[in-house]
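Please read them with the structure open.

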Amino acid sequence: MNIKKHELKVHNSLSGKKESFQPLNQEYVGMYVCGPTVYSDVHLGNCRTFISFDMMYRYLMYLGYKVRYVRNITDAGHLENDADEGEDKIAQKARLEQLEPMEIVQKYTVGFRKIMGEFNALPPSIEPTATGHIIEQIEMIKDIISKGLAYEANGSVYFDVPKYQSQGGNYGVLSGRNTDELFHNTRELDGQSEKQSPLDFALWKKASPSHIMRWPSPWSIGFPGWHLECSVMSSKYLGEQFDIHGGGMDLKFPHHECEIAQCQAHTNHPPVKYWLHSNMLTLNGKRMSKSTGNTVLPQELFTGENDLLVKGFDPSVVRFFMMQAHYRSVLDFSNEALLASEKGFARLMDAMEKLDSLHSSSSISELDVEGWMSRSLSAMDDDFNTPILIAELFEAVRWINSISEGKLAISKEDLVQLSSFMKDMVFFVLALKSPAKSASTDKLDSAMQLIIELRRGARIEKNWALSDQIRDHLAQEGIQLKDGPDATSWFIQ
RNA sequence: GGUCUCGUGGCCGAGUGGCUAGGCAGAGCUCUGCAAAAGCUUGUACAGCGGUUCGAAUCCGCUCGAGACCUCCA
């Protein structure tokens, strides 16, 4: 195992600062990311989070770390609201679609994986499900009760936040909230009478008669509280202390705060060294919301079948677009921004294609490949700054074009370096893909070659009327001819 | 109401106490039968008002505006 020389810094939500990244176990990294709740189609915001962490996973591997990446599937269903009387979301959806709850779970799990695959996200090392870890969750609850930090009420079990605080716990470390303020700002909700304090949260809920997903426990037939699964599954697969825990900003409170409290109560030490949070995605400047219609599904984004979109966008274009913004910044989706990224992406991919046909014409380079690689890695080492990395990649695009035109000299060694580093960054770390050519494009290409050949004949005879007619007609069909110095090429607009 | 984040050129989006972000669009040039495309080059900026400083867009304060969380949410 050989970790590349680097000084990775990550923004830790616990301190609110960038910290030097030092894994607990040398070259091994444990990373846990809160996965999706599979009761409906993944929404684009989820995708951004998972794509951000996929990029980090890839970069850590690129650096030489051996990473175990765990991302859960929440399939046990959460309460519809915090009134404790809500219906299990998955059960509710099951009734709506007349399907078994696990059928719903399966359907949306498959859909989720398909979409993430299209975004070229690597599957996690382990993708555990909440329903597969009911026993472990019950065991953790038992332990927390035995430590006096949880109590049973009416078949449900709650975490005792005030007691946790009195015993030196720090509920609020992550989100920067203090419990007194929280207490005063918590709304009084019906059905909270079981709780001793409004800040307490459920570890186990007794199931109402209408609740379909249910399991036996020492306290009642019921289901686990929604914060518990992450504590249980992360500690099971990564240990009681691990390096990175990620998720969207909106999970910081209360979800991640509760996770910390549960683990602290259970093991008496903090579970996670670095908490990383990715920021939200907005659509046309506003939060995505199904109720206002301001929402786009990933699939719609690919096909363009949504009134808010002028056209569909390749998943790699979308990924590139996301990588052009830093993961901790709010990113706004709009047609204009996507269109601009699409053009930039095409230019980058064009240069990538030229890479293999480049040759060294000199023993001396007119450019500083070493310095460029080092700047690129510094950008990534600075809390995964992909926008800066991309800016550097475009510097290389200029070089590649100039070398290709014979206007810039590069040594053989530098060319090898440039080429392999570009490929590592573009295809592996950023995980962008050139739009694949299909069988039908191959056939079209052979037909186009014929047309181009015939038109070439017309041009040799200076029959401009005919050659322009061919070109204009194809242009109307959306096929653009490019007359280069040596040959004519084509592409679909 | 409470906690927090942000406000950059026509658009998107980095960064920083003094030194080019980058992409898209625009402009100029090259290539071309003419175009288109492509390539090369290139201008415009840091919400407002105060303060700290030799120097701030970058630090501090206030104002205005936007967003997140506080309730399921990546």
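1. Contact, as used below, means heavy atoms within 4.5 Å. On that basis, 31 residues of domain 1 touch 33 residues of domain 2. Keep in mind throughout that this is a predicted model.

2. Domain layout. Chain A splits into domain 1 (9-278), domain 2 (282-429) and domain 3 (439-492). The centres of domain 1 and domain 2, taken over C-alpha atoms, lie 33 Å apart.

3. Buried area. The size of an interface is often given as the accessible area lost when the parts come together. Between domain 1 and domain 2 that area is about 3,000 Å². Carbon and sulfur atoms give 65% of the area. On the domain 1 side, Leu44, Arg48 and Tyr59 lose the most area to domain 2. Together these three make up 25% of what that side buries.

4. Polar links across the interface. The rule finds 12 residue pairs in polar contact between domain 1 and domain 2, both residues at pLDDT 80 or more. It also finds 2 salt bridges across this interface.

5. Which elements of domain 1 face domain 2? At least two residues each come from β1 (9-12), α1 (44-63), α3 (101-118) and β10 (272-278). Helix α1 gives the most, with 13 residues. By class, this side of domain 1 has 16 nonpolar, 7 polar and 8 charged residues.

6. Salt bridges. Side chains of opposite charge can pair when their charged atoms come close. The count for the model comes to 18 salt bridges. One pair to inspect is Arg71 with Glu127, where the closest N and O atoms are 3.3 Å apart. This pair links distant parts of the chain, 56 residues apart. Arg71 sits in strand β4 (residues 66-71). Glu127 sits in the loop between α3 and α4 (134-146). Another pair is Asp54 with Arg319, whose closest N and O atoms are 2.7 Å apart.

7. A three-stranded sheet. The 3 strands form an open sheet in the order β12-β11-β13, with mixed pairing. The edge strands are β12 (286-287) and β13 (331-333), and each pairs on one side only.

8. Detail of the β11 and β12 pairing. In which sense does strand β11 (residues 281-283) pair with β12? The sense is antiparallel, over 2 bridges. Leu283 stands opposite Lys286 in β12.

Conventions:
Residues numbered from 1 in each chain as written. Chains lettered and ligands numbered in written order. Predicted model: local features only at pLDDT ≥ 70, side-chain atom pairs only at ≥ 80, totals over all residues. Heavy atoms only, no water. Pairing = 2+ DSSP bridges. Helix = DSSP H or I, 4+ residues; strand = E, 2+ residues; numbered from the N terminus. Domains from an automatic or database assignment. Buried area = accessible area lost by both parts, 1.4 Å probe. Salt bridge = Lys/Arg side-chain N within 4 Å of Asp/Glu carboxyl O. Polar contact = N/O pair within 3.5 Å; in protein donor to acceptor, adjacent residues only side chain to side chain. Nonpolar A, V, L, I, M, F, W, Y, C, P; charged D, E, K, R; others polar.
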